[in-house]
Amino acid sequence: MAIRSFFAPFLFFALCSYSSLTPVLSLYEDQVGLMDWHQQYIGKVKQAVFSTQKTGRRRVIVSTEENVIASLDLRHGEIFWRHLLGSNDVIDGIDIGLGKYVITLSSGGSVLRSWNLPDGQMMWESSLQGPKHSKSLLLVPTNLKIEKDNVIVVFSNGRLHAVSCIDGEVLWNKDFEAESFEALQVIQPPGSDLIYVVGFAASSQFEMYQINARNGELLKHERATFSSGFLREVSLVSSETVVALDSTGSILLTISFQNGEISFQQTPISSLVEDPSGPAVIIPSSVPGIFAIKTNAFTIFIRVIGEGKLEVVEKTNHETTVSNVLPISEGQQAFALVQHAGSEIHLAVKIAHDWDGNLLKESIKMDQQRGLVHKVFINNYIRTDRSHGFRVLIVMEDHSLLLLQQGAIVWSREDGLASVIDVTASELPVERDGVSVAKVEHNLFEWLKGHMLKLKGTLMLASPEDVAAIQSMRLKSSEKSKMTRDHNGFRKLLVVLTRAGKLFALHTGDGRIVWSHFLQSLHKSGTCQSPIGLNLYQWQVPHHHAMDENPSVLVISRCGPSSDAPVVLSFVDTYTGKELNSLSLVHGVVQVIPLPYTDSTEQRLHLLIDSDKHAHLYPTTSEALRIFKREFSNIYWYSVEDHNGIIKGHALKCKCTDEAADEFCFDTRDLWSVVFPSESGKIIATVTRKLNEVVHTQAKVIADQDVMYKYISRNLLFVATVAPKGSGEIGSVTPEESWLVAYLIDTVTGRILHRVTHHGARGPVHAVFSENWIVYHYFNLRAHRYEMSVIEIYDQSRADNKDVWKLVLGKHNLSSPISLFSRPEVITKSQSYFFTHSVKAIAVTSTAKGITSKQLLVGTIGDQVLALDKRFLDPRRSVNPTQAEKEEGIIPLTDSLPIIPQSYVTHALRVEGLRGIITVPAKLESTTLVFAHGVDLFFTQLAPSRTYDSLTEDFSYALLLLTIVALVAAIFVTWRLSERKELQDKWR
Amino acid sequence: MEKGKGVMGSGRRWAVDFSDNSTAPSSRDIPDPPGFTRASADQDDSTVSRQKKDAESNWKAQKAWEVAQAPFKNLLMMGFMMWMAGNTVHLFSIGITFSALWQPISALQGVGKVFEPYKDSKVELLGPKLLFIALNLGGLALGVWKLNTLGLLPTHASDWVSSLPPAQEVEYSGGGIPL
């Protein structure tokens, strides 16, 4: 740190940082939860199995689309235990075996695991191999035993396995050699030793295998051909009958394979329903005797009445979801139906053979923001009067999970937050007189009481109860969860877009959901079957009009993954969560470029590039157009085509020449292109600086009062390419055939400013770009270790600005605008270090003014966030730094980066499935807000150079006050005493 | 004072009046002692007082030179202290340096006052004053030099550009991998 500053405020700062050359940012145990919060989620539930054992705690086991298996408390929805499987270990099915083991089948049916139900410990794991890839099915029969051993039947990889429930040993297996056989159901009729495997072969052939469950012996193999083919879904209506649809979706086929004889019954849908309106699909279910089909307009429930005769029992145009089947007593099976009707959902529990009678019928008011019911799981309990009570677990369109019981929502979990796509921060409303936003404000007495308690704690007079009270008071401090802006800028809203298409606003103080909004454009609808949210942008951030304008965000959503698909722009007010406006665009969008210009209402100008390379300006106002025209010739854009290895630069040309185009559409022309030949390199990572990053200074003062000028450009792109072989699996390439090339490309001119090759290195590359430096992480094949490299870029053309008098008088050109077309002379410095962990994400702290030193935030493979001081990644480190360099704060060079256990930002917590780390500057310069998201969410405040500009949180104001009062009292008393003494002296 | 008054007010035991009442003999109730003539005291006033004044002005000039040379000792002491303080910035060295700067400045401000007692029409004060100023300036220079060795003077380019914001770029480019 430079001690050469003349100015007193800096001197203090300099002294502070000088005295803390190696700051260790650790936390005391009682500080956990003061600044940070951690929320655990599981993701959208795919499958739920209720624990049937009469254990004290009722539990439900769920598997989710985030690859989590979890055990939830049925009373409160809390997580008992949870396991996150790897992203290439997708869960195919779960079930409960023997009442105490959770059986999971994952990895495309090749890994079968058993977990202990009460505590989630893994009991055994077995690997199931097979001849070919196929659909995987898991069946845990309740009463199929082989030599006192319960059996799990798994069909996976074209092979049927019977696995022991106790130790995971494969008892027998049976291959299904037939090339095109595709199993759809594995059926084990209760009370028999037979297993049926039914499926299709060659799209028009139905096959049935009858297998002895005891030894895997093939008893019977029947096949039947149906000329017009099948749709790939079947519904099981009894243990020896399935219902399928033909390939046109207009004829229902009841296939019965009683006693090994296959027989078809064809029933055209039109004979059941007058107006089927289009092809139908079967809703997969296994309710005995009843199945459901869905056409464009209706959901139709059909009953099978012996010998393949069908009868429609209900036809409804409401959205309907059918649950799993729950055996409630001998021969009786119940299932639940959930139907939407306006703002309510109707829940009906029926017995399988009695459609018209309802065991239960309830209407529950449902928040419109949750969308449709996607999945229903039913469970029963015995009431005190021996009757059956039912509870259902429903999964909504926004991925939330709710438990309904007795006509009410017992608990709900916002599991959409497990799949965050994009995050942006927004300010809270300004505190205004008359607007009572602070409901949590407490009275003076409580304030005093709190401070007295704190004081007792400081003076070590507190009893254990007091300590607990102090701790809970600190954690629940109303100050941090207020709904207004604070002086330090710690309180903000995190606006989060989830994969389900729901927007959430989380309060940074305690992580609660302030509002949530399911965007209309992201609802599944007739016009768009699979809408996806793409990104969030800050649309309007009012500073000048902060009192009367609300900030808003722009959400870009697209119908499907294709780049031509229709796009909807939605504008959402971040204070209220109201959708202000939504625009359906006539053009597609491949790029969204926020421009560094705002109009008079502080709306940011955005340029949307469509697939024909036309640029469209938003907002579509004449003022925006005027601002845009003024900067027209200075706006460029580039596109990275990573699949064919080309980076192209474009400039704006003129108004669109199309007839239909409006005045906000512009043609573009190609300026330059950088081609990476496919035999030498494949683009695996591109990183730019964050648009909103603030850099305090362009000069870097080094030892001996020398100056280096940083090359700070917003238009630099870091590109990493690897040898084509090196992008495959780990272990597939030798060090000789693998290399990694890092490029720094100027995106305006296409000039390559720097290039460096790492021989024997391979991806994946994670990089972060800030100020004038890039840090990237890759694997070194020669050393068999991960490495991190840093590149710092300096501007040599400014280096001769060394005349003090010129600088004093301001006669220099250091602050005049620069054009990138003037050739920059840059020099780079770089260094590489070993790093122990593999990395999931890298981010860098960002502060309001950019003065505070930086820390890298590394999301490690253990799902933790490690704060690594940037000074460890300084290319000027050397083995023996000189005295001046030491004074400057340069750390002696070591070959690997230190991992200090105290510098884990997440301390003892884990952010399961960590995907991204976002930093937001607080108003207080020393502090930055960090938000890490994955399946879990974690938020904390960081002060990379400690809080040099504010008192710490545990500063005792009461003690200060008391000291002042005591001093004043002492002054008063001594004054009186001296008065008296003087008087006595005079009387002597 | 108050004390005295208080005592006077209540009841005096004894008091000495030092006021010279010689100019008003009529008010005196005590006659002059024998052999004392009031006129003789004023007789050769001119010669005696001239002698007295010469001695006094000599003494004053001598004193003035002494006072003028006093900062020199100070200077030596300061130099020693600075040497002791070392060249790193910490509380002690900063304190020493600032006192080394402050002392000469305050002394220079009070140049008139320092030589006030020796002001005389016969005494040439310009010489001592110049010496005093020169020595104090020397002290000031020493302080500034110390400040510089501590690196607290903005004499390097780095001191002037360390908070210079980055230059604005004319062009702007955005984009990236297609959504």
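A contact here means heavy atoms within 4.5 Å. With that in hand, take chain B: among its contacts with a separation of 6 or more, 70% join residues 24 or more positions apart.

Some ground rules. This is a predicted model, where local features need pLDDT of at least 70, side-chain atom pairs count only at pLDDT 80 or more, and totals for chains, interfaces and linings use all residues. Residues are numbered from 1 along each chain as its sequence is written, and side-chain values use heavy atoms, with hydrogens and water left out.

Staying with chain B. It has 6 helices and 1 strand, where helices (H or I, at least four residues) and strands (E, at least two) are DSSP runs numbered from the N terminus. Along the sequence the pattern reads α-α-α-α-α-α-β. Of the 179 residues in chain B, 26% are buried, that is, under 20% relative accessible area with a 1.4 Å probe and protein chains only; exposed is over 50%, partly exposed in between.

Now chain A. One open sheet has 4 strands in the order S2-S3-S4-S5, with antiparallel pairing. Strands pair if DSSP finds at least two bridges between them. The edge strands are S2 (45-50) and S5 (79-84) of chain A, each pairing on one side only. S2(A) and S3 (residues 59-64) of chain A pair over 5 bridges, in the antiparallel sense. In S3(A), A:Ser63 is the bridge partner of A:Gln47.

Last stop: A:Leu951. This residue sits in the loop between strand S64 (937-942) and helix H8 (957-987) of chain A. Is A:Leu951 buried, exposed or partly exposed? A:Leu951 is partly exposed, because its relative accessible area is 48%.

Methods: Chains lettered and ligands numbered in written order.
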